[in-house]
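Let's take a walk through this structure together, going from helix packing to aromatic rings and then to a few individual residues. Keep the 3D view open as you read.

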Amino acid sequence: MSTSPGYQSPVVNVATSLPKRGTGSAVLIVPVVNGDDESDASVKVVANPFLDAEAVGEIEVALRALGAKAGTEQVTRIVVPSLPVASVLTVGLGKARDEWPQDLIRRAAGAAARSLSGTETVITTLSDLDVAAAVEGLILGAYRFTDFRSDKTAPKEPGLAKITALSTAKDAKAQAARGTDIATAVATARDLVNTPPSHLFPEEFAKRARALGEAVGLEVEILDEKALEKGGYGGIVGVGKGSSRGPRLVRLIHRGSQLAAKKKKAKTVALVGKGITFDTGGISIKPAANMHHMTSDMGGAAAVVATVVLAAKQNVPVDVIATVPMAENMPSATAQRPGDVLTQYGGITVEVLNTDAEGRVILADAIVRACEDQPDYLIETSTLTGAQTVALGARTPGVMGSDEFRDRVAALSQQVGENAWPMPLPEELKDDLKSTVADLANVSSSRYAGMLVAGVYLREFVADGVQWAHLDVAAPAYNTGGPWGYTGKGGTGVPTRTMFAAIEDIAASG
């Protein structure tokens with residue numbers, strides 16, 4: 001049994017042919033497409049070297065008899081007597097293509113896995129199209145969070161335990177391992193987000209981050225409330241004042257420069273993530289309806305912790321330094337009040353006009369501390385504003401920051417299927433953050449451009465010369481609707497894959 005503190009993914013194997021024995025209870029997942037033209041209503045198996053003509057014929061005849069379709073993510077389960085498996089699950093990819101987008105494969109694999117509740121072993125030919133994407137989709141589609149289920153409501157059927165990815169690619173094993181690591185990181189972030197605030201408060205979150213970091217050899221530093229007070233972290237201390245459970249600042253460091261080629265100077269990437277373990281809004285209290293969703297207000301921190309651990313597991317030759325502020329925003333006799341002034345780490349004073357705009361306040365402390373490491377790039381993320389959801393909806397993160405790096409991160413996010421979109425930071429919005437008593441106010445008096453105003457606030461704390469991007473994942477980090485693709489209800493793990501893609505891109509091209 002693994003002793004890793006992260007999510008325990010299914011065992012993944014790679015095979016170059018369909019196993020003949022020991023697969024009697026397995027389900028074979030096969031991708032299918034619609035006919036070549038509008039007049040062809042048939043469903044066809046995507047060509048692969050693992051199924052002979054007899055098996056392909058049986059599958060297509062069975063699908064025709066059922067009137068099955070091959071629309072994206074549509075699944076059909078059939079029995080194919082000539083194959084040594086319990087059943088075959090076909091999953092639609094839509095129209096046939098010369099090249100298959102990775103996220104199409106990932107979503108199809110996820111939809112297949114979600115439909116196979118109670119199946120312990122799957123074999124798939126989706127991996128013939130893209131090994132890593134197929135493995136990622138299967139693991140994430142099969143993800144379940146059952147830590148707090150009693151025997152009465154816990155799933156009676158087993159979860160997915162073994163995946164066999166069929167592929168003849170030379171690097172198939174390496175790609176399968178990579179897909180497993182990425183999916184495990186996303187699932188670990190999901191676990192953290194899904195853990196209720198009764199059990200994941202700043203001290204406990206810091207302990208879990210330490211365990212995850214030390215398991216892969218990261219340097220770990222944790223500042224408690226006394227150290228934060230002494231160090232001048234006024235934002236983190238101020239937000240945490242209302243809770244009986246004190247704030248923390250966690251630092252996780254991957255020294256990837258030691259892996260870089262001797263002639264190449266490795267870059268340094270700073271990661272910062274908002275870790276509000278529960279957000280009542282403080283004295284500026286939120287409405288009761290749906291407040292329980294604020295268990296996800298540490299989604300940015302969860303993704304950052306998972307990303308730096310993934311960078312270490314994948315031996316990325318870049319220094320990655322995560323600075324993660326953690327606090328619980330509660331109303332009490334000791335809580336900060338609207339109108340209070342606090343001093344952010346580094347000396348900027350802030351008038352707190354709204355205690356529910358607390359994320360930017362703890363992030364500002366962390367950004368200044370992160371910039372002391374003189375990073376080349378800073379990526380920070382948070383469930384920052386409801387305005388993100390108003391502007392971009394539930395699945396599209398907003399990216400703000402330095403124009404060039406912002407666009408680079410957004411493009412990478414779209415490539416990996418997290419689909420972030422670049423947003424501007426209009427200079428005139430800074431005027432909306434003027435305070436009559438301090439250097440800045442933490443909110444604008446205007447009801448417009450809330451996401452962008454928050455970005456302008458954060459920009460004030462980014463050191464000159466640092467290329468910077470902020471990902472607002474207020475809705476994308478937590479799915480309150482129905483499942484789709486490889487995404488179930490609850491924590492999604494967004495934007496773990498975006499940040500990791502950016503780190504790898506920086507390692508490759510600087």
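Predicted model: local features only at pLDDT ≥ 70, side-chain atom pairs only at ≥ 80, totals over all residues.

Two packed helices are described by the angle between their axes and the distance between the axes. Find helix α9, which covers residues 359-371, and helix α12, which covers residues 450-459. Their axes are 9 Å apart and meet at an angle of about 30 degrees. Angles under 35 degrees count as roughly parallel, and α9 and α12 are therefore roughly parallel to each other. The crossing of these two helices, α9 and α12, is right-handed.

Which residues make the contact between α9 and α12? On the α9 side you will find R360, V361, L363, A364 and I367, and on the α12 side they meet A454, Y457 and L458. Sorted by class, this contact of α9 with α12 has seven nonpolar residues and one charged residue, with no polar ones.

Stay with α12 for a moment. Eight of its ten residues are buried, so α12 is largely enclosed by the rest of the structure. The buried residues of α12 are M451, L452, V453, A454, G455, V456, Y457 and L458.

Helix α2 (residues 102-114) packs with helix α3 (residues 131-141) at an angle of about 35 degrees, and their axes are 7 Å apart. The crossing of α2 and α3 is right-handed. From α2, the residues Q102, I105, R106, A109, G110, A113 and R114 meet A133, A134, E136, G137, L138 and G141 of α3. The contact of α2 with α3 is made up of six nonpolar, four polar and three charged residues.

Next, the aromatic rings. A pair of aromatic rings is described by the distance of the centres and the angle of the planes. Counting rings that pair if their centres lie within 6.5 Å, there are five aromatic pairs. One of them joins Y377 and F405: the ring centres are 4.8 Å apart and the planes are at 45 degrees, so the pair is tilted. Y377 sits in strand β15 (residues 377-382) and F405 in helix α11 (residues 403-416), so this pair ties together parts that are 28 residues apart in sequence. Y377 and F405 are both buried.

Another tilted pair is formed by Y457 and F461, with 5.3 Å from centre to centre and 45 degrees between the planes. Y457 is buried, with a relative accessible area of 0%, and F461 counts as buried at 5% relative accessibility.

Is A469 buried or exposed? A469 is buried, with a relative accessible area of 0%. Leaving aside residues up to four places away in sequence, A469 touches L378, I379, E380, V399, M400, G401, F405, R406 and V409. The C-alpha atoms of A469 and S402 are separated by 6.3 Å, although these residues are 67 residues apart along the chain.

Our last stop is Q336, in the loop between β12 (319-329) and β13 (340-343). Q336 counts as buried, at 6% relative accessibility. Beyond residues up to four places away in sequence, Q336 touches G238, V239, K241, I283, L342, V352 and T355.

Technical notes
Residues numbered from 1 in each chain as written. Heavy atoms only, no water. Axes fitted to C-alpha atoms, helices over the stretch in contact; angles between N-to-C directions. Helix = DSSP H or I, 4+ residues; strand = E, 2+ residues; numbered from the N terminus. Parallel < 35°, antiparallel > 145°, perpendicular 65-115°, else oblique. Left-handed = near helix turned anticlockwise from the far one by under 90°. Contact = heavy atoms within 4.5 Å. Nonpolar A, V, L, I, M, F, W, Y, C, P; charged D, E, K, R; others polar. Phe/Tyr/Trp six-rings, centres within 6.5 Å; stacked < 30°, edge-to-face > 60°. Buried < 20%, exposed > 50% of the residue type's maximum accessible area, 1.4 Å probe, protein only.
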